[in-house]
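Subject: A structure for you to look at

Hello,

Here is the structure I promised to hand over. Please open it first, then read my notes beside it.

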Amino acid sequence: MNPSTVKTGAVYLVGAGPGDPGLLTVRGKELLAEADAVVYDYLANPRFLELGRPDAEWIYVGKQAGAHTMSQGDINALIVDRARKGKRVVRLKGGDPFVFGRGGEEARELARAGVAFEIVPGVTSAISVPAYAGIPLTHRDVTATVAFVTGHEDPLKETSGIAWDKLATGVGTLVFLMGVGNLAQIAESLMEHGRSPDTPVAVIRRGTTPEQKTWIGDLKHIARIAKENRIQPPAVIVVGDVVGLRDQLNWFERKPLFGRRIVVTRAREQASGFRRRLEALGAETIEFPAIAVKPPESWDPLDRAIDKLTAYDWIVFTSVNGVRFFLDRLRASGRDVRDLKGIKIGVIGPKTGEMWERLGIRPDLMPGEYRAEAVVDAFKHLGIQGKNILIPRAARAREVLPEELRKAGARVDVVHAYETVLPDHDAEGLKEGFRNRTISMVAFTSSSTVSNFVKMFESDGNGQLREWMQQVAVACIGPVTAQTATEMGLHVNLISPEYTIESLVHEIVSFFAES
Ligand code: SAH
């Protein structure tokens with residue numbers, strides 16, 4: 001065998017961060033994208049699945065509280081085995097692998113087995129969760145020392161390996177992980193060893209996620225507060241005067257869309273701008289494309305139109321996809337944008353306009369309002385009597401625009417440049433979210449996404465969907481989309497006055513501000 005073709009396996013112990021997918025490191029992301037196998041305890045965020053290769057092996061090894069799926073020994077054996085088979089294995093671990101994560105044990109096992117390994121540190125919950133609650137662990141004039149402590153151990157038991165007497169008064173800020181179950185004993189032990197009962201304490205549950213919740217108290221009362229609120233793990237507990245800074249620094253929980261989980265139904269290629277905007281405002285988004293785009297059944301009509309381009313006075317584009325497919329066919333016919341000279345370009349929507357601007361072409365008409373009716377009015381002002389207009393657009397689109405232009409005296413050719421179809425993924429993940437009520441809103445950006453969305457739930461009866469949707473807010477871009485939603489039996493909570501993502505996002509923020 002040629003040695004250069006021998007694949008050498010390796011294991012990467014990668015920190016996945018505390019939950020917010022943005023807190024995965026660049027190195028971690030790169031390794032996930034290349035991994036042959038990913039071994040994970042629980043997914044800090046299901047979005048990490050999208051970062052892996054579709055053909056990678058994903059192995060869940062459990063470790064949710066109380067439900068150990070695989071013993072530590074079996075996990076060690078598994079990663080050694082995969083690496084010896086020449087695989088690049090990512091061992092994805094919550095937070096940082098070396099902070100209370102048993103990463104050290106796994107690394108020693110790999111060293112012992114002679115398997116190559118690397119450690120990719122992660123953003124530990126010990127620091128990031130307090131940060132997302134607005135608590136800096138050290139602060140000038142408040143404290144210069146911090147300790148990370150496991151709360152797993154009952155401090156009242158005789159053989160504690162933790163020097164409580166020294167911790168209680170020797171360190172400024174104390175951060176406990178895995179401490180919810182022992183909170184009462186921890187507080188008691190600290191007070192017993194001399195820490196003031198009115199020392200501020202924060203308990204932060206599911207930090208850096210939309211479910212983040214923070215409770216504030218002092219050492220004397222925090223156990224009662226936790227009990228009354230039935231606080232469950234996972235939570236980080238911070239003890240020390242730095243907790244007081246939260247009053248001023250609580251930035252994350254104050255974002256306008258904090259805690260909202262919003263389903264975005266746009267086509268994948270177009271969803272990212274919308275998602276980024278919502279996420280910047282603190283929302284978590286779930287991408288659920290209810291529409292996919294494919295070429296039309298036949299290119300003939302579009303190709304024929306392109307062959308006689310000079311016969312047209314205007315070409316009107318109603319969508320980014322219309323522009324994209326038109327330009328593809330223009331090039332396929334051996335032409336390019338210079339063949340459009342003399343023809344006026346009309347666009348609906350700023351994104352459609354941007355497509356042309358990027359090519360150095362300034363559209364001749366870009367109506368400020370995007371409904372077909374308003375667009376026709378804009379055209380009428382230009383005098384379109386007797387003009388030849390080409391509209392390359394989706395098959396089965398609304399007829400209002402061509403009809404109204406014809407009524408105004410134009411000759412209009414509508415050709416199908418693409419088709420919108422139902423995407424081929426299923427709705428299982430979303431159903432789960434509806435069932436356990438973790439979804440706050442579904443946002444629709446076109447009539448076809450509404451009807452496709454409803455169709456995608458048809459297999460198990462839409463009665464179920466309508467029942468779920470009673471618990472979820474429905475946001476629609478513009479009145480036409482809203483009308484379709486109403487016709488499909490959905491209740492509509494908000495309608496943006498304009499057909500833009502900006503306007504929709506603005507309405508979503510106001511909606512949640514009032515609710
Ligand atoms: N290696 C991990 C810690 C594993 S121990 C890290 O560096 O973060 C598990 C403990 O981490 C939990 O009991 C809890 O105390 C803490 N934890 C992890 N993620 C958390 C989150 N999103 N919010 C609050 N606590 C979290």
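Below is what I found, going from the whole protein down to single residues.

**The whole protein**

Keep in mind that this is a predicted model. The protein has 515 residues, and 50% of them count as buried. Its secondary structure comes to 19 helices and 20 strands. Along the principal axes, the C-alpha atoms fill a box of roughly 95 × 70 × 50 Å.

The accessible surface is about 24,800 Å². Carbon and sulfur atoms account for 50% of that surface. Now take the contacts between residues at least 6 apart in sequence: 66% of them join residues at least 24 apart.

The charges come next. There are 64 positive and 64 negative charges in the protein. Their mean positions are 2 Å apart.

**Salt bridges**

Side chains of opposite charge can pair when their charged atoms come close. How many salt bridges does the protein have? The count comes to 30.

Start with D36 and R88. Their side chains meet in a salt bridge, with 3.5 Å from N to O. D36 sits in the loop between α1 (26-34) and β2 (37-40), while R88 belongs to strand β4 (residues 88-93), so this pair ties together parts that are 52 residues apart in sequence. Are the two partners buried or exposed? D36 counts as buried, because its relative accessibility is 11% and the cut-off for buried is under 20%. R88 is partly exposed, at 32% relative accessible area.

Next, look at E284 and R261. Their side chains also form a salt bridge, with an N to O distance of 2.4 Å. E284 lies in strand β12 (residues 284-287) and R261 in strand β11 (residues 261-264), so the bridge ties together parts that are 23 residues apart in sequence. Both E284 and R261 are buried.

Now go back to D36 and R88 for a moment. Salt bridges with shared partners join D36, R53, D55 and R88 into one network.

R206 is partly exposed, with 32% relative accessibility. E211 is partly exposed too, with a relative accessible area of 29%.

**A nonpolar patch on the surface**

Which residues form a nonpolar patch on the surface? They are F100, I127, V146, F148 and M178. Together they have about 420 Å² of accessible area. Look at V146 as one member. V146 lies in strand β6, which covers residues 146-150. Its relative accessible area is 35%, so V146 counts as partly exposed.

**A buried valine**

Compare that with V474. V474 lies in strand β19 (residues 473-477). This residue is buried, with a relative accessible area of 0%. What does V474 touch, leaving out residues up to four places away in sequence? The list is V442, F444, M469, H491, V492, N493 and L494. Take V492 from that list. V474 and V492 are 18 residues apart along the chain, yet their C-alpha atoms are separated by 5.1 Å.

**Backbone details**

Most residues other than glycine have a negative phi, and most peptide bonds are trans.

- The peptide bond from P233 to P234 is cis, with omega near 0°. P234 lies in the loop between α7 (222-228) and β10 (235-239).
- D141 has a positive phi, near 75°. D141 lies in the loop between α4 (125-132) and β6. It counts as exposed, because its relative accessibility is 79% and the cut-off for exposed is over 50%.
- R437 has a positive phi as well, near 55°. R437 lies in the loop between α15 (428-435) and β18 (441-444). At 59% relative accessibility, R437 counts as exposed.

**Where to begin**

Then move to V474 and find its contacts, including V442 and F444. Finish with the cis bond from P233 to P234.

Best wishes

Terms used: Residues numbered from 1 in each chain as written. Predicted model: local features only at pLDDT ≥ 70, side-chain atom pairs only at ≥ 80, totals over all residues. Heavy atoms only, no water. Patch = residues over 30% accessible without salt bridge, like charges linked within 9 Å, V, L, I, M, F, W, Y side chains within 5 Å. Areas by Shrake-Rupley, 256 points an atom, 1.4 Å probe, with all protein chains shown as cover. Salt bridge = Lys/Arg side-chain N within 4 Å of Asp/Glu carboxyl O. Helix = DSSP H or I, 4+ residues; strand = E, 2+ residues; numbered from the N terminus. Buried < 20%, exposed > 50% of the residue type's maximum accessible area, 1.4 Å probe, protein only. Contact = heavy atoms within 4.5 Å. Lys, Arg positive; Asp, Glu negative; His and termini not counted. Charge placed at Lys NZ, Arg CZ, Asp CG, Glu CD.
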